Amino acid sequence: MNRLRYLLDRTSCVELKRLQSSLSVSNSKVKIPVRIQRGPTDILEALEQTIPKDSITNNNYLYHDDPYLLPLKKRNYRAYALSYEAGKKAAKWIHNEHKDLFPKHLSEPEIEAFIPPSTYTDKSQVSEEILLRIIYRRIVPEALHVYKLLDHNVSNDTKQILLELLCFYNSGTNSQNISRLEEWFTLSYDKYAWQYMSEINELFEFLKMQDSSTAAVAYNTMICGLAKHSRVNEAWILYHECKEKNILLNITTCNYLLALIPETFGYKHELKMERFFDILDTINKKRIKPNIKTLNAALHVIVVAQLKNDEDIAQRLFMDFKRMNIEFSPATYYYMILIFTQKHNENAYANFVNILHSIRNKSFSIQDLLDDKFFKHAMYLADSYYDREAGDMIHKLLLIRDNYKFISRASIENSYYISYISLVLSTSTVDDFFEFYEKLVPNIFVPPRRIFEAIVKHLEHYKEKIQMKHLQRLWLDISTLCFTNFSLKLRVLSLVEMDALPADSPFKTFFMDAAWTCWNEIQTEIETKSGTYTPLENAKTACIVAILLHGGHIVESIEVLTYITKESDLFLPTMNEIQVNELFESYISKECILGAFLVLEYSVNSGFPHIIKMATTLQNLPQLTDAYRKELINLVGAEALNSSDTEQSN
């Protein structure tokens with residue numbers, strides 16, 4: 001009873017405190033929190049942050065998210081991706097060309113991309129609003145068509161927007177028509193060619209005769225368009241015209257002009273720097289607010305001009321832009337590394353490491369077209385300096401947030417991972433390297449042949465026990481990813497020491513099957529490509545014979561050795577005396593006279609000096625038949641055998 005009363009009293013006290021608290025809150029002024037503006041995808045982005053990232057890469061799968069369904073050959077990555085994009089383009093073509101087949105809207109709410117394009121044939125069908133909508137969609141031919149239907153009777157603002165469209169997409173390239181995967185497999189950035197259009201000149205000549213602000217915008221647009229399309233002389237003429245007429249340039253125009261300087265004046269570095277400082281002086285005097293592209297363009301000029309005091313100029317630029325609170329982009333750090341390491345002095349390595357430490361754990365946003373050069377070049381330098389810590393730091397930086405977007409093309413990915421794998425290979429133990437290798441290959445990156453060659457070459461310096469731990473995985477990857485490269489396969493098989501393996505080792509069966517499969521593939525290659533077949537070294541193909549022989553598959557080894565000996569013109573004669581002696585002794589120990597005779601025949605054809613000794617060994621075998629004795633005489637001659645008998649009797 002007392003216990004119950006205690007609980008009731010305690011509950012009453014709690015309720016009293018809660019009531020007092022609520023009264024005090026009600027008497028105070030209510031503060032409504034500031035509304036946070038939310039976008040339509042904010043909740044999805046918040047949910048995405050709860051998904052754990054891969055430990056190796058944040059890269060999205062380009063294919064089905066299943067390692068067993070990923071393409072396993074380099075060329076298939078491109079074929080699968082572009083086939084996927086081709087299907088999408090075919091669907092778009094049907095949608096555009098046969099819009100009558102899609103009478104109803106395909107989406108609810110309506111999505112503009114799913115609506116078939118309209119066809120305009122008369123002035124009554126179009127308006128300035130429709131023209132603006134087409135310009136917004138960046139469809140150059142249709143915009144010009146509608147503009148002509150309107151008899152050029154549109155407002156000055158619309159004419160300016162149309163001029164910007166025609167200057168920026170002058171070559172007809174529409175970024176919406178280039179898919180993400182097509183960009184991924186593009187080897188280099190496109191060079192744009194300026195196409196003269198009467199509409200561009202008409203719009204520019206009209207707009208530059210309007211009020212000063214309209215004329216300034218038109219001049220800036222034309223200079224940017226000419227500069228983008230490498231019309232160097234025309235861009236500089238308009239630049240000087242703007243200076244004479246005191247027309248204000250915007251920072252985008254100044255950035256384009258700075259980017260033009262490396263293409264101007266050839267090897268006349270003094271003239272380049274004169275123009276360089278002239279533009280910077282214009283920005284300063286006109287109080288034009290610079291941005292990160294201004295800094296990157298200026299650094300590019302410094303790198304190309306190769307001035308003696310380039311580090312001092314760059315250092316001053318860094319300080320000035322940092323004072324203006326302009327956030328550096330990856331391209332800025334790329335130019336930093338180029339400038340402060342290109343002289344290869346004693347400070348180059350220290351500068352490189354200091355730059356990496358200054359940006360560790362930093363998340364970047366895309367601000368410049370050349371931002372994707374940083375990670376590739378930084379990893380290349382880490383490999384050049386053999387600095388594993390720097391390489392791991394760069395890769396860790398790549399995996400922070402969305403930094404992986406700077407691996408923007410397949411060529412950049414190849415260069416980056418080739419450097420990283422090469423660095424880890426040269427600075428790690430074999431076991432540590434293969435632990436790294438198994439996480440990377442093939443679900444993230446498929447190495448090219450030269451990387452596999454480097455791995456095999458690295459393994460050659462280790463003992464058989466260490467080699468055998470990793471040869472099976474290496475063989476499987478090479479067979480799957482580089483299946484046509486027989487020289488590389490044979491180089492792996494040459495590392496296999498069957499005698500060093502225990503009798504019950506599963507590796508014996510595996511490598512015997514591998515050697516036999518490889519030999520069948522070689523024969524198929526010879527038969528199908530008789531005219532273009534590249535001869536293999538018989539020093540390498542002899543390892544197939546040795547593996548089969550030591551594995552107990554004597555009949556198969558005889559088949560291979562017979563082919564190598566009888567069809568010698570299909571192989572390069574590189575088998576040395578040591579290999580020949582090992583095979584000869586192995587066949588003798590296994591009492592296989594046919595194999596020993598084949599080795600002797602190869603030695604005779606190759607002109608080795610020890611054939612008499614081999615012939616004598618065969619002659620003294622108790623199981624040598626008369627038929628074999630005759631064959632022995634045919635190979636080395638009766639005189640040679642008689643002389644060897646005389647030497648033994650003496």
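Predicted model: local features only at pLDDT ≥ 70, side-chain atom pairs only at ≥ 80, totals over all residues.

Me: Which cysteine has the sulfur closest to that of Cys-543, and how far away is it?

Reply: A disulfide is a covalent bond between the sulfur atoms of two cysteines. To count as one here, the two sulfur atoms have to be within 2.5 Å. For Cys-543 the gap is too far for a bond. The closest cysteine sulfur belongs to Cys-518, at 7.5 Å.

Me: How many disulfides are there in the whole structure?

Reply: The search covers the whole structure, and its count of disulfides is 0. Cys-167, for example, is in no disulfide, since the nearest cysteine sulfur, that of Cys-224, is 8.7 Å away. Cys-167 is also buried, with a relative accessible area of 1%. To come back to what you asked, the number of disulfides is 0.

Me: Let's turn to charged pairs. How far apart are the N and O atoms in the salt bridge of Glu-327 and Lys-362?

Reply: Side chains of opposite charge can pair when their charged atoms come close. The cut-off for a salt bridge is 4 Å between a side-chain nitrogen of Lys or Arg and a carboxyl oxygen of Asp or Glu. Glu-327 and Lys-362 meet this rule, with an N to O distance of 3.7 Å.

Me: How many residues apart are Glu-327 and Lys-362?

Reply: This pair links distant parts of the chain. Glu-327 is in the loop between α14 (310-323) and α15 (330-341), while Lys-362 is in the loop between α16 (348-358) and α17 (373-384). Both count as partly exposed, Glu-327 at 42% and Lys-362 at 24% relative accessibility.

Me: Which helix holds both Arg-449 and Glu-453?

Reply: These two side chains form a salt bridge, with their closest N and O atoms 3.4 Å apart. Arg-449 is partly exposed at 45%, and Glu-453 is partly exposed at 26%. They sit 4 residues apart, about one turn of the helix, and that helix is α21.

Me: Is Asp-477 buried or exposed?

Reply: Asp-477 forms a salt bridge with Arg-473, their closest N and O atoms being 2.9 Å apart. The two are 4 residues apart in helix α22 (residues 464-481), so about one helical turn separates them. Arg-473 is partly exposed at 24%. Asp-477, with a relative accessible area of 9%, is buried.

Me: How many salt bridges does the structure hold?

Reply: We have looked at several of them, including Arg-449 with Glu-453 and Asp-477 with Arg-473. Across the structure, the count of salt bridges is 18.

Me: How far apart in space are Lys-465 and Leu-501?

Reply: Lys-465 is placed in helix α22, and it is exposed, with a relative accessible area of 73%. In sequence, Lys-465 and Leu-501 are 36 residues apart. In space, C-alpha to C-alpha, the distance is 8.8 Å.

Me: Which residues line the largest cavity?

Reply: The count comes to 1 cavity of 30 Å³ or more, and the largest cavity holds about 40 Å³ of space. Its lining divides into 3 nonpolar, 1 polar and 2 charged residues. By name, they are Arg-360, Asn-361, Met-393, Lys-396, Leu-397 and Ile-400.

Key. Residues numbered from 1 in each chain as written. Heavy atoms only, no water. Buried < 20%, exposed > 50% of the residue type's maximum accessible area, 1.4 Å probe, protein only. 1 Å grid on protein atoms, 1.4 Å probe; cavity = no way out; pocket = protein on both sides within 12 Å on 5 of 7 lines; lining within 4 Å. Points joined across faces, edges and corners; volume = space filled by probe spheres on them. Nonpolar A, V, L, I, M, F, W, Y, C, P; charged D, E, K, R; others polar.
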